[in-house]
Amino acid sequence: MPEINTDELDEQQVRLLAEMCILIDENDNRIGSDTKKNCHLNENIDKGLLHRAFSVFLFNTENKLLLQQRSDAKITFPDCFTNTCCSHPLSTPLELEENNALGIRRAAQRRLKAELGIPLDQVTPEEIFYLTRIHYKAQSNGTWGEHEIDYILFVQKNVTLDPDHNEIKSYCYVTQEELRELLEKASRNEIKITPWFRLIAETFLFKWWDNLNNLKRYVDHDKIHRM
């Protein structure tokens, strides 16, 4: 694996690069594990390295979507607006559990607490709804990028927030109209959004959002949407 100098990067974010992500093939079959650092280096991504991830979309009871703006300290896609929480299950027994995507949902609960300060008892794995998967690849800069099969997870609940500012620069709840305005601003390069959020917003998000009370009709655990 290539050697990359991380001396100029945020200390807390560099520590997280040692976490072990789950390596998969293009059909989401587990084939091993590797560090978060190695999984996010473009040099490895260009050779086909692929890992498992998730994206949480949390709505309050007014049907507003919680967005976050990633902190400037983030190694990939800093300062970008994105969905509620985006991260990776770890190669640990609890998060490797594939039955009903339980490991993924446990990881989502963990990261909602770590990033947004949402108490563990406010969003349990049982309250996280697994919808489908997408497969995408994107470069953040010349060194770092993403190549993931991303589990799409929905939650609708009012929660308490206490964000970690090393992870999150800002956050807001938005209506559909407000999100469309934000996407327009991004198209004019007035703000930045993450590539996975843009892909999901341009394809599936508004249809799902219109059917928060009937999401089961859109469940597809067999197909991986290649984006």
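This report describes the fold, surface and cysteines of a predicted model.

## Basis of the values

Residues are numbered from 1 along each chain as its sequence is written, and side-chain values use heavy atoms, with hydrogens and water left out. Because the model is predicted, local features need pLDDT of at least 70 and side-chain atom pairs count only at pLDDT 80 or more, whereas totals for chains, interfaces and linings use all residues.

## Overall fold

The chain has seven helices and 10 strands, these being DSSP runs numbered from the N terminus (helices H or I, at least four residues; strands E, at least two). Its radius of gyration, taken over C-alpha atoms, is 17 Å, close to the 17 Å from the globule rule for 227 residues, so the chain is as compact as a globular protein of that length; the rule is 2.2 Å times the number of residues to the power 0.38.

The C-alpha atoms fill a box of roughly 45 × 40 × 30 Å along the principal axes. Of the contacts (heavy atoms within 4.5 Å) between residues at least 6 apart in sequence, 70% join residues at least 24 apart.

## Burial

Buried residues account for 55% of the 227 residues in the chain, where buried means under 20% relative accessible area, exposed over 50%, and partly exposed in between, with a 1.4 Å probe and protein chains only.

## Cysteines

The structure holds zero disulfides, a disulfide being a pair of cysteine sulfur atoms within 2.5 Å. The sulfur of Cys-86 lies 6.4 Å from its closest cysteine sulfur, in Cys-85, which is too far for a bond. Cys-172 is likewise in no disulfide, its nearest cysteine sulfur, that of Cys-86, being 13 Å away. Cys-86 is buried at a relative accessible area of 13%, while Cys-172 is partly exposed at 27%.
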